[in-house]
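Have a look at the structure first, then read on.

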Amino acid sequence: MSRVRVQEERGGAWLRVVLDERPGNLLSLAMIRELAGTLTRAASAPGLKWITLEGAGDHFSYGAKIQEHLPAPMAEVLPAMIQVVRDLLAFPAPTAALVRGRCLGGGFELALACDDILADADAEFGLPEVRLAAFPPMAAALLPARVGASRAARAMVAGDRQTAGYWHDAGLVSLAAPAASLREAAAAWFDRHFAPRSAVALAHAARAARLVLRAQAEPALAAAERQYLDELLATRDAVEGIQSWIDKRPPRWENE
């Protein structure tokens, strides 16, 4: 069964990529690999003017699959996820995340790699990795560039959830709509901003608009990947944070 579905809208000018492994659409390695393949195929779609990512059901994504955050699987998971982020930053059409419900951890990081985030007004965004003695490496590279260092630091270090309204005020969420009308709002967004335009012009405009972000994000992504894999995962607390979650018990921090 496919974990990623693609639906064509507006004669194929808009592709909706749906993460579909409910209830939480967890970003397992299998999900990430399917998404990577989907983006590769979509990049050559003729006449494509917009591609959107969304979650099936009531939520965008709860984030990564916690069991895969232990050192051995993470050596595969993190590079694969970072490559998906790079693919989105280089995608030859405008991109957006359509967010309902919870958008947490890796799900939030995936949304950050898109040009726009269109969300339901009740959606919740959060980077809770610090509670498991970890940090969000893709957000470390993308969030400061998009909302400023102070807001990014609060989101990553505190690990609290914030509403779509909070991030709309910060300039990150482009549109906050009632949950029941998010799809209609997205369709109206396409009809207004993309339908009348040339697909070639949109591809070049999107590429140009990302020049500064990509220039800043690329070295930061590489540095965050090295820090996570080579330094963080070598600590006892990073392993304890994940293992305590798996064991359903309070963590026993050693602060080392």
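## Cysteines

Searching the whole structure turns up zero disulfides, a disulfide being a pair of cysteine sulfur atoms within 2.5 Å. Take Cys103: its sulfur sits 9.4 Å from the closest cysteine sulfur, in Cys114, so that's too far for a bond. Cys114 is in no disulfide either, the nearest cysteine sulfur being that of Cys103. Cys103 has 0% relative accessibility and counts as buried; Cys114 is buried too, at 3%. (Buried means under 20% relative accessible area, exposed over 50%, and partly exposed in between, with a 1.4 Å probe and protein chains only.)

A word on ground rules: this is a predicted model, so local features need pLDDT of at least 70 and side-chain atom pairs count only at pLDDT 80 or more, while totals for chains, interfaces and linings use all residues. Residues are numbered from 1 along each chain as its sequence is written, and side-chain values use heavy atoms, with hydrogens and water left out.

In soluble globular proteins, nonpolar side chains tend to be buried together. Here the largest nonpolar core has 65 residues, and those with the most contacts inside it are Leu35, Val99, Leu110, Phe125, Leu143 and Trp167. Helix H2 (residues 71-89) gives the most to this core, with 10 residues. There's also a second, separate core of 13 residues, which includes Ala13, Trp14, Ala187 and Phe194.

## Helix H2

Helices (H or I, at least four residues) and strands (E, at least two) are DSSP runs, numbered from the N terminus. How far apart are the end C-alpha atoms of H2? They're 27 Å apart, which agrees with the 27 Å that its 19 residues should span at 1.5 Å a residue; the expected span is 1.5 Å times one less than the number of residues.

Buried residues of H2 include Met74, Val77, Leu78, Met81, Val85 and Leu88. The helix's buried residues pack against H1, strand E3 (50-55), strand E4 (95-99), helix H3 (106-112), helix H4 (137-147) and helix H9 (211-231).

## Salt bridges

The count comes to 18 salt bridges, each a side-chain nitrogen of Lys or Arg within 4 Å of a carboxyl oxygen of Asp or Glu. One of them joins Arg86 and Glu218 at 2.8 Å, N to O. That pair links distant parts of the chain, with Arg86 in helix H2 and Glu218 in helix H9, 132 residues apart. Arg86 is partly exposed at 21% relative accessibility, and Glu218 is partly exposed at 35%.

Over in helix H10 (residues 236-247) you'll find Glu240, which pairs with Arg249, closest N and O atoms 2.6 Å apart. Glu240 is buried, at 13%. Leaving aside neighbours within four places in sequence, Glu240 is in contact (heavy atoms within 4.5 Å) with Arg249, Pro250, Pro251, Arg252 and Trp253. Arg249 also meets Asp247 in a salt bridge, at 3.4 Å, N to O; Asp247 is partly exposed, at 39%. Elsewhere, bridges that share partners join Glu9, Arg16, Glu54, Arg100 and Arg183 into one network.

## A buried loop aspartate

Asp20 is in the loop between strand E2 (14-19) and helix H1 (29-42). Is Asp20 buried or exposed? At 8% relative accessibility, Asp20 counts as buried. Not counting residues up to four places away in sequence, Asp20 touches Ser2, Arg3, Arg5, Asn25, Met31 and Ala56.

Conventions
A nonpolar core is a set of buried Ala, Val, Leu, Ile, Met, Phe, Trp, Tyr and Cys residues joined through side-chain atoms within 4.5 Å.
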